[in-house]
Amino acid sequence: MAYTTGPDRRAEQRAGGQSGGLSADIGNTRRPADLKTEHLLHAQGRTGGNDLAQARARTERQNRFRIAALMDDGALAEFDHRAPADLFLEDICAAFARGTLIATADGQIAVEDLQPGDMIRTRDAGLQVLRWISACPMQEAKSSDAAESQALRIKADALGELRPIQDLVVSARFRLLSNHPSCEALFGSPETLAPAEDLLDGDTILRIRPARDLPFYNLMFDQHQIIQANGLETESYHPGNFGVAVMALEMQSHLRRIFPHLNGDLGRFGRTVRPILKGFEAEILRTG
């Protein structure tokens with residue numbers, strides 16, 4: 001399959017007056033309640049205050065996600081996707097904060113300057129074509145309590161020398177490659193992917209409240225890959241071992257729209273490149 005990649009695609013975009021990278025002009029948006037929803041509720045005889053209030057709240061509380069994907073024919077699809085805030089699509093679209101350095105064929109490049117077609121260095125498969133990138137803000141915590149924050153700061157050298165090479169701000173659902181000595185015996189693999197949230201120590205890995213307008217990004221390839229972010233080995237997007245199967249139909253519908261290059265086939269996520277640990281499994285490694 002032939003794609004226009006890396007510097008060639010950036011040159012094409014400059015010639016066409018386009019800028020590189022996915023726009024950071026993102027954020028939450030509110031809009032008037034959907035009158036069709038209200039009319040439907042009236043038609044169904046469900047005009048109680050709670051029904052109407054819930055319908056209005058759901059149609060008004062929309063989050064916006066910037067999506068760019070390289071299609072199978074080499075075309076670049078770029079669009080905004082809006083979804084109800086209570087679906088928490090940030091769990092899919094947010095991983096790395098703006099400024100995170102990703103290892104590429106052209107060296108370390110800030111995640112916000114990447115675009116589909118760029119060649120990214122992977123642990124197992126060498127240089128791979130970036131197929132998809134998303135951008136969105138982290139959803140605000142429901143309280144001022146730091147424990148509600150969905151973002152983490154991993155300080156430079158927190159996990160060993162140059163791991164990471166500089167502070168790394170990520171989603172709480174960010175997963176790290178672990179080669180703990182017990183991985184093989186417990187999980188049948190010398191390496192696993194473990195949630196960074198389970199490594200919190202309040203000192204070198206801690207929760208933070210990011211600025212409301214700070215964009216977070218996520219990346220995807222044809223297959224699940226191990227990549228480097230600020231020198232720390234992590235993963236590209238994958239819904240997990242049983243991710244799609246256990247998702248509600250509404251969520252699956254949104255996935256088909258935000259991953260246009262999959263052509264509606266959510267089975268194309270394929271297998272995970274390493275075993276993905278649940279929180280209690282990561283805790284076993286940490287305390288063992």
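Visitor: Which residues do ring pairs link into a cluster?

Guide: Trp132, Tyr237, Phe259 and Phe269 are the ones joined by ring pairs. Rings of Phe, Tyr and Trp (its six-membered ring) pair if their centres lie within 6.5 Å; planes under 30 degrees apart are stacked, over 60 edge-to-face, and the rest tilted. Before going on: this is a predicted model, where local features need pLDDT of at least 70 and side-chain atom pairs count only at pLDDT 80 or more, while totals for chains, interfaces and linings use all residues. Residues are numbered from 1 along each chain as its sequence is written, and side-chain values use heavy atoms, with hydrogens and water left out.

Visitor: How many aromatic pairs are there?

Guide: Six in the structure. One of them is Tyr237 with Phe259, a stacked pair at 5.6 Å centre to centre with 15° between the planes. Tyr237 sits in the loop between β17 (232–235) and α6, and Phe259 in the loop between α6 and α7, 22 residues apart. Helices (H or I, at least four residues) and strands (E, at least two) are DSSP runs, numbered from the N terminus.

Visitor: And why is the pair of Phe259 and Phe269 edge-to-face?

Guide: Their ring centres are 5.3 Å apart and the planes stand at 90°, so the pair counts as edge-to-face. Both residues lie in the loop between α6 and α7, ten residues apart.

Visitor: Are Phe259 and Phe269 buried or exposed?

Guide: Phe259 and Phe269 are both buried, and Tyr237 is buried too. Buried is under 20% relative accessible area, exposed over 50%, partly exposed in between (1.4 Å probe, protein chains only).

Visitor: What else is Phe269 in contact with, leaving aside its neighbours within four places in sequence?

Guide: Its contacts (heavy atoms within 4.5 Å) are Met220, Tyr237, His238, Pro239, Val244, Leu255, Phe259 and Leu262.

Visitor: Which residues have the most contacts inside the largest nonpolar core?

Guide: Ile92, Cys93, Trp132, Leu255, Phe259 and Phe269, in a core of 28 residues. At least two residues each come from β2 (62–70), α4, β9 (132–137), β15 (215–220) and α6. Apart from that core lies another, of 27 residues, with Ile102, Leu114, Leu152 and Leu168 among them. A nonpolar core here is a set of buried Ala, Val, Leu, Ile, Met, Phe, Trp, Tyr and Cys residues joined through side-chain atoms within 4.5 Å.

Visitor: Switching to charges. How many salt bridges are there?

Guide: 14 in the structure, each a side-chain nitrogen of Lys or Arg within 4 Å of a carboxyl oxygen of Asp or Glu. Arg173 and Asp91 make one of them, with the closest N and O atoms 3.3 Å apart. Arg173 is in the loop between β11 (168–171) and β12 (175–178) and Asp91 in helix α4 (residues 90–93), so this pair ties together parts 82 residues apart in sequence. Arg173 is partly exposed at 43% relative accessibility, and Asp91 is partly exposed at 35%.

Visitor: What about Asp124 and Arg274, how far apart are the closest N and O atoms?

Guide: 2.9 Å, in a salt bridge. Asp124 lies in the loop between β7 (119–122) and β8 (126–129) and Arg274 in the loop between α6 (249–258) and α7 (279–287), so the pair ties together parts 150 residues apart in sequence. Asp124 is partly exposed at 42%, while Arg274 is buried at 12%. Both also belong to a network of salt bridges with Arg123, Glu191 and Glu233.

Visitor: Last one, the overall picture. How many helices and strands?

Guide: Seven helices and 17 strands. Of the 288 residues, 47% are buried. Among contacts with a separation of 6 or more, 66% are between residues 24 or more positions apart.
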